[in-house]
Amino acid sequence: MVADCIFCSIVAGEIPADVVATTETAVAFRDLHPQAPLHVLVIPRTHVANAAELADREPETVAELVRVARQVTGDAGHDSYRMVLNTGEEAGQSVFHAHLHVLAGRVQAWPPG
Ligand code: AMP
């Protein structure tokens with residue numbers, strides 16, 4: 001756990017979150033500012049800055065994030081969904097604890113903004 005990391009605090013149960021799924025290595029909770037009817041963040045319990053670092057350190061957990069995304073969307077009745085891994089400030093990353101955005105429940109434009 002890293003001090004001052006909001007997602008580490010959620011993993012530790014120190015701050016509230018609307019948790020929708022947990023596994024040994026991942027936690028999924030609703031985004032505070034949803035961009036789709038279903039907008040969930042799936043994060044590793046381990047603190048790493050982004051998905052590429054997670055792939056280096058815990059490649060199996062990257063797969064776990066994707067499995068949890070499939071589970072959460074399936075449980076909500078969606079078979080179509082978008083997964084986003086913002087990496088770096090210019091790409092829109094604002095929280096530097098790796099997280100997979102999972103969005104579903106509306107038609108989504110391509111290319112993204
Ligand atoms: P990103 O901009 O890709 O780093 O995404 C960070 C996301 O975390 C944003 O969509 C925020 O709305 C979301 N977020 C920040 N703090 C919280 C929180 N305490 N609970 C749930 N979602 C959060």
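This is a predicted model: local features need pLDDT of at least 70, side-chain atom pairs count only at pLDDT 80 or more; totals for chains, interfaces and linings use all residues.
I started with P111, which sits in the segment after β5 (100-104). Helices and strands here are DSSP runs, H or I over at least four residues for helices and E over at least two for strands, numbered from the N terminus. I checked the peptide bond between W110 and P111: it is cis, with omega about 0 degrees.

Residues are numbered from 1 along each chain as its sequence is written, and side-chain values use heavy atoms, with hydrogens and water left out.

Next I went to the other end. D4 lies in the segment before α1. I looked up its phi and found D4 near 70 degrees, a positive value in a residue that is not glycine.

Then the fold. I have three helices and five strands in the chain, and reading from the N terminus the order is α-β-β-β-α-α-β-β. The radius of gyration is 13 Å, close to the 13 Å that the globule rule gives for 113 residues, so the chain is as compact as a globular protein of that length. (That radius is taken over C-alpha atoms, and the rule is 2.2 Å times the number of residues to the power 0.38.) Along the principal axes, the C-alpha atoms fill a box of roughly 35 × 30 × 25 Å.

On to the ligand. I find 16 residues around it, and D31, N86, G92, S94 and H101 come nearest; to be near, a residue needs a heavy atom within 4 Å. I sorted the shell into seven nonpolar, seven polar and two charged residues.

Which element gives the largest share of the shell? It is α1, with three residues. Both α1 (6-11) and β2 (26-30) supply at least two.

Last, I went through contacts to oxygen atoms of the ligand. A backbone N or O atom of G92 is 2.7 Å from one, and a backbone N or O atom of V95 is 3.0 Å from one. From the side chain of H101, an N or O atom is 2.8 Å from a ligand oxygen. The protein covers 85% of the 510 Å² of accessible area that the ligand has on its own (Shrake-Rupley, 1.4 Å probe).

Terms used: A polar contact is a pair of N or O atoms within 3.5 Å; within protein, one must be able to donate a hydrogen and the other to accept it, and residues adjacent in sequence count only if both atoms are side-chain atoms. Ala, Val, Leu, Ile, Met, Phe, Trp, Tyr, Cys and Pro count as nonpolar, Asp, Glu, Lys and Arg as charged, and the others, Gly among them, as polar.
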